[in-house]
Amino acid sequence: MTTSTDLMDRLTHLIDRQTQLNVDAVYYHDRAAPRAYLLAEDTARTLFEFRRDIEPILNPNRISDLHLQRRLLDHFARRYRHSIYDALQFVTFDAAHDRLVERVYLTFCHGLWSVLQCARTEQDLAARLQLHAVKHHRQLRLVTRSLFEQHASVVNVQALKAVTCAQYSPELQLEVLGLDEATVNGPLLDVGCGEDGRLVQYLRTRHVHAVGVDRLVTPHPALFELDWHDLPAEQERWNTITSHLAFSHHFLYHHQRASHETVRFARTFQRLLSNLTVGGTFAYAPSLPFIEQLLPDHTYLVTRQDIPAPAPPQGQTTAPLLQRTQIRKLRSSSQT
Ligand SMILES: C[S@@+](CC[C@H](N)C(=O)[O-])C[C@H]1O[C@@H](n2cnc3c(N)ncnc32)[C@H](O)[C@@H]1O
């Protein structure tokens with residue numbers, strides 16, 4: 001007897017493996033040489049063996065297992081978002097894209113239900129599934145195209161793969177931000193903390209009350225999966241706000257392209273400042289001179305510094321790689 005938890009674990013594991021195996025299938029690809037959809041060794045076997053348990057979750061005419069279907073759709077959508085961010089971290093999903101992604105995966109689930117219904121053998125299932133998945137990825141690439149279109153000048157998937165959206169060691173983050181772990185003051189909010197919230201976890205072991213938000217996090221009580229634009233207004237809540245190569249990096253990217261997202265970033269920036277306590281500090285890198293210069297200096301003390309580049313090879317000089325900013329709140333923003 002398979003419980004619904006076992007079944008969902010099996011299915012999400014299978015989705016993860018299939019996604020890994022076909023990692024490029026959601027991006028553009030060479031039309032002249034379309035590639036087949038690859039199946040892991042035991043994908044067809046698992047689906048065939050558990051088809052009677054899986055069918056009710058996918059059945060378009062039945063609503064009793066809707067909560068499981070929802071979990072499955074959420075998992076698919078999350079994996080898809082992950083693949084997109086891996087290629088281009090600056091992509092943003094609006095509500096219309098979210099709906100589109102959901103629709104494409106729902107269609108996939110309903111088609112998979114037909115595949116399971118019709119397949120007579122494991123091999124038959126594998127063949128039908130491959131055809132279905134190829135069709136599905138064609139739809140998915142249309143969504144990808146529309147997401148990437150906003151970034152037309154940078155979209156070259158092969159080149160993008162070389163642009164890292166990494167997580168960094170807590171020591172390096174503190175150094176870049178110009179903070180000292182001995183004096184850093186909680187409560188601290190790390191914005192765009194990375195999937196593992198390395199800085200947050202490190203500071204918590206040093207008794208700093210720290211929490212992090214990121215659009216993708218691994219489960220942890222101090223890490224919250226949240227878009228930074230959805231952070232609530234919490235007047236004077238945080239003594240320190242940090243963001244290493246995250247919020248300001250994205251803000252700068254959109255500002256430099258005069259994208260329609262810029263205004264949204266400016267509003268969130270303003271909200272983060274009002275969420276700082278008086279005396280509190282917002283520390284981030286890279287700097288945002290274009291907006292920092294607009295802050296009233298009787299309310300905010302802005303310090304911008306070069307971050308020294310690593311020592312250049314002999315005989316060469318390099319400019320500083322980037323700048324960091326610390327904004328100290330001198331008085332309540334409601335008094336300005
Ligand atoms: C280069 S990583 C830096 C992570 C971390 N600060 C570090 O230094 O290890 C940038 C992070 O910003 C997150 N991010 C990008 N857009 C976001 C958004 N709209 N809301 C929340 N997090 C976002 C990404 O998921 C990614 O984890």
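Terms before anything else: helices (H or I, at least four residues) and strands (E, at least two) are DSSP runs, numbered from the N terminus. Residues are numbered from 1 along each chain as its sequence is written. The model is predicted, so I kept the rule that local features need pLDDT of at least 70 and side-chain atom pairs pLDDT 80 or more, while totals for chains, interfaces and linings use all residues.

**Entry 1: Ser 287**

I looked up Ser 287 and found it in the loop between S5 and helix H12 (289–292). Is Ser 287 buried or exposed? Ser 287 is buried because 21 C-beta neighbours lie inside 10 Å. (Buried needs 20 or more other C-beta atoms within 10 Å, exposed 12 or fewer, partly exposed in between; C-beta atoms are placed from the backbone.)

I then listed its contacts (C-beta atoms, placed from the backbone, within 7 Å). Beyond neighbours within four places in sequence, Ser 287 touches Ser 248, Glu 292, Arg 304, Gln 323, Arg 324 and Thr 325. Thr 325 is 38 residues away along the chain, yet the two C-alpha atoms are separated by 5.3 Å.

**Entry 2: the sheet**

I traced seven strands in an open sheet, ordered S3-S2-S1-S4-S5-S7-S6, with mixed pairing. (Two strands pair if DSSP finds at least two bridges between them.) Strand S3 (223–225) and strand S6 (300–307) are the edges, each pairing on one side only. Neighbouring strands are turned by 15° on average, direction ignored. (Axes are lines fitted to C-alpha atoms, for helices over the stretch in contact; angles run from 0 to 180 degrees between N-to-C directions.)

Helix H10 (residues 247–256) packs on this sheet and touches S1, S4 and strand S5 (276–285), at about 65° to S5. Helix H11 (residues 262–274) lies across S1, S4, S5 and strand S7 (322–329), at about 135° to S5.

**Entry 3: strand S1**

S1 (residues 188–191) runs parallel to S4 (residues 238–244), joined by three bridges. Asp 190 sits opposite Thr 242 in S4, and Leu 189 opposite Ile 241. With strand S2 (residues 210–214), S1 pairs in parallel over four bridges. Val 191 has Val 213 of S2 as its bridge partner.

I checked both faces of S1. Leu 188 and Asp 190 on one side are buried, as are Leu 189 and Val 191 on the other.

Note on methods
Two residues are in contact if their C-beta atoms, placed from the backbone, lie within 7 Å.
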